[in-house]
Amino acid sequence: MKTLINSEFGKLEGVIIHSPGPEVENMTPENAERALYSDILNLSIAAHEYAQLEGILNKVTVVFRVKELLTDVLNNIAAKKELLNEICSHEGITHEAEHLADNHAENLADLLIEGVPLERNNLTNYLNHEKFLLRPLHNLFFIRDSAMAINDKILIGRMANPVREREAMIMEAIFKYHPSLETSAINSVKTDIKLNPADNAKFEGGDLQVIRDDIFLIGTGMRTSTQGIDFLIESLKQQNNRTFNLIIQELPSSPESFIHLDMIFTCLSTSECMVYDPLVYRLNLYRTIHILIENGKVKIQERSNIPSALKKVGIDLKPISCGGKDDLWIQEREQWHSGANFFALSPGKIIGYERNVHTLEELDKNDYAIIPASDIISGKVNTDDYNKCAITIAGSELPRGGGGARCMTLPVRRTPLDW
């Protein structure tokens, strides 16, 4: 499958996911904050909820799973050696690379995701308070952040927190070596950056939205730095024969529900978007900036908000309000539980959490049919029967991890849109 993502809402043809597993349970209240959680999840409930998302995707598109892809890559001797050397060098355990390589591919994939227990076989290890030599990847099911497709290329993220850096290494190996995925180039903020290495260049996929092949919407805040965006600008400047528009939205550093841009704004179709009104429209300190890249030159201007900035470049989206239009407290509550975080299967056909009832009511007012995931999975109804629909998945545990349907999906191919 060739990588091709030139919109947020073209018909989905291929997606990568990772179902939460034992790595989620390898967490305690003491280390939850380091793992970027405010609480520990109940895996049995989270897995049941995630199965609804996976069941929907299985009905409508080709689904790739990280553990299966990684296992295949680890069967390639050269790829396994390269990945293990990178991981072990980065985590300061180069002496363990050879020992880890002795594991067969499937078991090694489990270890790299679920964690490698620390053996208490010497005094240093015995006195070590850590349980793991390689810590579990608690956040891997939020697959969106570690890699992202931009047109026919893949950008490997540079994660804001060390606990997630191995995720990017794994995804880079998958895109580089797996025969089922083809991309014309892999740009890595981690390795190819032309800025001073001391600069704080961070870039995560939850902050990038491809609106059109020449229009990108990017958030800058807790997880994506201005230096990371500068890397992308420098990369785009090299394409001298093209014009690009970047709409940059500043994000608050707190609360944690503003972790990425897709927690306050997501595209639903060629004509509609979901917005968190207090940050997108109301008077605040957070600027919206339009960057025009043309013939290798950069021009920067401020705009009043995201929708008006998009309208300036020919994308006119009607906003639908997360939490409804009337009650600020309800808006805040539903935004906290990823009420603005929707994932489009095709224009106007989206997935979100069933718990955000006021957001769903607002979608209903805008002619979206509200469909439980079970109706799609069982075959009772088909998305083709609807012009617009919002498919709802259960969300009592998954939102506590800090993300929604968009966060848990990494699309690699969508049908190009005829604008």
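**View 1. A five-stranded open sheet with mixed pairing, in the order S8-S9-S10-S13-S14****.** Strands are DSSP runs of E with at least two residues, helices are H or I runs of at least four, and both are numbered from the N terminus; two strands pair if DSSP finds at least two bridges between them. At the edges sit S8 (208–212) and S14 (297–303), each pairing on one side only. From one strand to the next, the twist averages 20°, with axes fitted to C-alpha atoms and angles running from 0 to 180 degrees between N-to-C directions. S8 and S9 (residues 215–220) run antiparallel, joined by four bridges; Val-210 has Phe-216 as its bridge partner in S9. This is a predicted model: local features need pLDDT of at least 70 and side-chain atom pairs count only at pLDDT 80 or more, while totals for chains, interfaces and linings use all residues. Residues are numbered from 1 along each chain as its sequence is written, and side-chain values use heavy atoms, leaving out hydrogens and water.

**View 2. Helix H9 lying across the sheet strands S9, S10, S13 and S14****.** H9 covers residues 226–237 and runs at about 160° to S9; for helices, the axis is fitted over the stretch in contact (heavy atoms within 4.5 Å).

**View 3. Asp-262, in the loop between S10 and S11 (265–267)****.** Asp-262 is buried, at a relative accessible area of 0% (buried is under 20%, exposed over 50%, partly exposed in between; 1.4 Å probe, protein chains only). Skipping neighbours within four places in sequence, its contacts include Gly-206, Gln-209, Asn-341 and Arg-406.

**View 4. The salt bridge between Glu-54 and Arg-65****.** A salt bridge here puts a side-chain nitrogen of Lys or Arg within 4 Å of a carboxyl oxygen of Asp or Glu, and the count by this rule is 21. For Glu-54 and Arg-65, the N to O distance is 2.7 Å. The pair links distant parts of the chain, with Glu-54 in helix H2 (residues 43–60) and Arg-65 in strand S2 (residues 62–65). Glu-54 is buried at 17%, whereas Arg-65 is partly exposed at 23%.

**View 5. Arg-164 and Glu-167, another salt bridge****.** Their closest N and O atoms are 2.9 Å apart. Arg-164 counts as buried at 2% relative accessibility, and Glu-167 is buried too, at 0%.
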